[in-house]
Amino acid sequence: MIDYSRLPTAARKNISVRVKSAAERALRQGHPWVFEESIQRQSHLGNAGDLAVVYDRENNNFLAVGLYDPLSPIRIKVLQALQPMRVDRGFFAAKLREAQAKREPLINEGTTGYRLVYGESDGFPALILDRYGDTLVMKLYTTAWLPHLETLIGALEEALVFDNLVLRLSRALQSDRLNIAKLYGLEDGQQLIGAGAAETVAFVENGLLFHADVRLGHKTGFFFDQRENRQKARELAQGRRVLDVFSYTGGFSVYALAGGARAITALDSSKPALETLKRNVESNGYNTELIDAMAGDAFANLMQLTQARRKFNMVIIDPPAFANSRASMRNAVVAYRRLVEMALRLLENDGVLLMASCSSRIPAEMFFQLVERSAMVAGFKLEIIEKTGHGLDHPVGFPEAAYLKALFARVAQS
Ligand code: SAH
């Protein structure tokens, strides 16, 4: 539960702001961020979550209103641009209804777990809302939401149907420096609404049953972004021995079994994730004896499989984001190359490779080139089956929202 009286309140007086002309242009084009260095003047210093209103330099007309975020280089996170609107419960509720309506097609596919709000692209900057059946999981990436939490949760109750609401906090928000638990009584994994979500929640994706630990699991508990790639993997899996690298709780493994895979080897460093993987395999009626789960470092285990001369007919590689900062880009490129080379050595002729990347700093084209070049250098020929991007529940509303790309290819020795 939540004690709203402990939360900070937003100042009554909005901060009025003037920004550089390039930033004005970006706002007019719908870009949702105002950077610290774009601000030329502001009426007063504010606190996180105060509303900042940007007026245009020429006529003093309303340009945008957003959450002021003094701790972030993305100083204003835009809620509404061009048309002035009151930021209240009704405002948020309308955006939530719109977001829910966008996801309706998924329900007809037999999917009850999906991303309901993908941050800025759905009008909620630095906020994620994932639906796991009747349980919603809200993940915050900035303290600027805290003064608006009561309004926001009111809007959730008004606009959406659900039983439980669980709060997740980004790593930055969990830092001791911010001390959110002490100051406001909010903790990562806390249940805000409902009688207590079970340890794991159940949901369906493309007709397959999954369990997720929404309180302790990675992100909000599951990686909904790979749903469409998993479905494609299912279509390609018939009769294959599959290696699922960075398997987490077995999204790809379960789909591969559903598509007729003969056996699965799953690699992940998280033991609890591999336990859930087995549970997910079982709950779809497959024998866990088909699964060889190896806990530990994937690079080391890939080496070991190579040395043991193991072979597979399908290798799926869905690594964590290696590059989320500019500094980590080089290491990420090296890691992707190594993974591609190791995967190719483990594949039989005519095997299928699925290589994914969720590094926001590595653009799709660069990633695809990197994979194709690495294959060539290692002496393999890739016959591209498909290159994919975002699913409909992860809409790319502005360039920085794009992070996911995947390449499906058939492999032959060249
Ligand atoms: N394919 C998964 C999602 C993968 S997320 C799905 O469809 O649900 C990335 C996974 O990599 C996480 O489960 C994390 O535990 C794991 N991981 C991160 N670093 C690792 C490493 N060095 N070795 C093995 N697993 C790692």
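## Strands β8 and β9

Strand β8 (residues 127-132) pairs with strand β9 (residues 135-140) in the antiparallel sense, over six bridges. Strands here are DSSP runs of E with at least two residues, helices are runs of H or I with at least four, and both are numbered from the N terminus; two strands pair if DSSP finds at least two bridges between them. Within this pair, Arg-131 stands opposite Leu-136 in β9.

The model is a predicted one, in which local features need pLDDT of at least 70 and side-chain atom pairs count only at pLDDT 80 or more, while totals for chains, interfaces and linings use all residues. Residues are numbered from 1 along each chain as its sequence is written, and side-chain values use heavy atoms, with hydrogens and water left out.

## The five-stranded sheet

β8 and β9 belong to an open sheet of five strands with mixed pairing, in the order β7-β8-β9-β10-β11. Its edge strands, β7 (113-118) and β11 (191-193), each pair on one side only. On average, neighbouring strands of this sheet are turned by 25° against each other, direction ignored; the axes are lines fitted to C-alpha atoms, and angles run from 0 to 180 degrees between N-to-C directions.

## Ligand surroundings

The ligand has 15 residues around it, of which Arg-230, Asp-268, Asp-297, Ala-298 and Asp-318 come nearest. The shell divides into six nonpolar, five polar and four charged residues, where Ala, Val, Leu, Ile, Met, Phe, Trp, Tyr, Cys and Pro count as nonpolar, Asp, Glu, Lys and Arg as charged, and the others, Gly among them, as polar.

A polar side-chain atom of Asp-268 lies 2.7 Å from a ligand oxygen atom. The side chain of His-218 has an N or O atom 3.0 Å from an oxygen atom of the ligand, and a polar backbone atom of Phe-246 is 3.0 Å from a ligand nitrogen atom. The protein covers 88% of the 580 Å² of accessible area that the ligand has on its own (Shrake-Rupley method, 1.4 Å probe).

Seven of the eight residues of helix α7 (residues 251-258) are buried, that is, under 20% relative accessible area with a 1.4 Å probe, counting protein chains only. Phe-252, Tyr-255 and Leu-257 are among them. Gly-260, which follows α7, has a positive phi near 95°.

Asn-313 lies in strand β17 (residues 312-317) and is buried, with a relative accessible area of 15%. Its side chain reaches the backbone nitrogen of Arg-241 at 2.7 Å.

Technical notes:
Buried means under 20% relative accessible area, exposed over 50%, partly exposed in between (1.4 Å probe, protein chains only). A residue is near a molecule or strand if one of its heavy atoms lies within 4 Å of it. A polar contact is a pair of N or O atoms within 3.5 Å; within protein, one must be able to donate a hydrogen and the other to accept it, and residues adjacent in sequence count only if both atoms are side-chain atoms.
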